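Come and look along with me as I go.

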Amino acid sequence: PRRTVTTVKLQGNMLRLWECLDQEVLAEGPAGTSKTRTILEMLNFTARKYAGSRILIVRKTRTSMTQTVMSTFERFVQGDDVPFRTTPQEYQYPNGSVIAVGGMDKATKILSSEWDIVYWNEATEGTQNEWETLTTRLRGGVVPYQQAIADCNPDADTHWLNLRARTDRITRIVTRHTDNPVYWDAQAGKWTPEGERYVV
């Protein structure tokens, strides 16, 4: 299996992130590198490709998601054919796929379900035990690969994510502002006007 490149513009390590199907993946980098947006596009692509797939987006608390990762999804990724249903707390696709959202502060529903892909946004908020518990729920069986994806800003060398990334248990992909096509024109090899305002 592979994720074929779609209409999403990808460059640098965002392309590497898109193509990576390893079971545990960490996208680490400062704000503005496009890591969250790229992962959300990946989830949307997967939900549309594999009918009936079950995907979970999680943070430490559910309330922290509304103005962050969910806002990004709804502004840039969610299609008109993908309504958000409040009671099950999930985006429902016409082909039966769902992208659910939840917080580890109320993890009963999350841990009582099985998922094809789990994405922890701002994973430095969580613990290693929580992460490993989530990986035990990767038993959806619809998508031909099962994957736990984390993204975060860099943290202390002693943080458990950094320690885990020094082993072969998780694949670390370091993202930079030059990976974001909004800020870096890869063909011209220079910052875009937006990039000059944001980065330079």
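**Entry 1: salt bridges.** I began with the rule: a salt bridge is a side-chain nitrogen of Lys or Arg within 4 Å of a carboxyl oxygen of Asp or Glu. By that rule I looked up a network, and found Glu 24, Glu 132, Arg 164 and Arg 169 linked in it by salt bridges. A note on what I am reading: this is a predicted model, in which local features need pLDDT of at least 70 and side-chain atom pairs count only at pLDDT 80 or more, while totals for chains, interfaces and linings use all residues. Residues are numbered from 1 along each chain as its sequence is written, and side-chain values use heavy atoms, with hydrogens and water left out.

How many salt bridges does the structure hold? I found ten.

Entry 2: I took Glu 132 and Arg 164, whose closest N and O atoms are 2.8 Å apart. Glu 132 lies in helix H5 and Arg 164 in helix H6 (residues 160–165), so this pair ties together parts that are 32 residues apart in sequence.

Next I checked burial, where buried means under 20% relative accessible area, exposed means over 50%, and partly exposed is in between (1.4 Å probe, protein chains only). Glu 132 is partly exposed, with a relative accessible area of 26%, whereas Arg 164 is buried at 4%.

**Entry 3: two further bridges.** Glu 125 and Arg 59 meet through their side chains in a salt bridge of 2.4 Å, N to O. They come from distant parts of the chain, 66 residues apart: Glu 125 is in the loop between strand E6 (117–120) and helix H5 (128–135), and Arg 59 is in strand E2 (residues 54–59). Glu 125 counts as partly exposed at 32% relative accessibility, and Arg 59 counts as buried at 8%.

Arg 37 and Glu 41 also form a salt bridge, at 3.0 Å, N to O. Both of these residues lie in helix H2 (residues 35–49), four residues apart, about one turn of the helix. I jotted down a reminder here: an α-helix has 3.6 residues a turn, so residues three or four places apart point the same way. Is Glu 41 buried or exposed? Glu 41 is buried, with a relative accessible area of 10%, while Arg 37 is partly exposed at 32%.

**Entry 4: rings.** Here rings of Phe, Tyr and Trp (its six-membered ring) pair if their centres lie within 6.5 Å; planes under 30 degrees apart count as stacked, over 60 as edge-to-face and the rest as tilted. By this rule I get six aromatic pairs. One of them is Phe 73 with Tyr 91, a tilted pair at 4.6 Å centre to centre and 50 degrees between the planes. This pair links distant parts of the chain, with Phe 73 in helix H3 (residues 69–77) and Tyr 91 in strand E4 (residues 90–92), 18 residues apart. Phe 73 and Tyr 91 are both buried.

Trp 184 and Trp 191 make an edge-to-face pair, 4.9 Å centre to centre with 80 degrees between the planes. Trp 191 is partly exposed, at a relative accessible area of 24%. I also noted one aromatic cluster formed by Phe 73, Phe 84 and Tyr 91.

**Entry 5: around helix H3.** Which residues of H3 are buried? I listed Val 69, Met 70, Ser 71, Phe 73 and Val 77. For contacts I count heavy atoms within 4.5 Å. The cover over the buried residues of H3 includes H2, E2, strand E3 (84–85), E4, strand E5 (98–103) and E6.

I then followed Met 70, which is buried with a relative accessible area of 5%. Leaving aside neighbours within four places in sequence, Met 70 is in contact with Arg 62, Met 65, Phe 84, Tyr 91 and Val 101. Met 70 and Leu 10 are 60 residues apart in sequence and 21 Å apart in space, C-alpha to C-alpha.

**Entry 6: Asn 13.** My last stop was Asn 13, found in helix H1 (residues 13–19). At 19% relative accessibility, Asn 13 counts as buried. Not counting residues up to four places away in sequence, Asn 13 touches Ile 173, Val 174, Arg 176 and Asp 179.

Terms used
Helix = DSSP H or I, 4+ residues; strand = E, 2+ residues; numbered from the N terminus.
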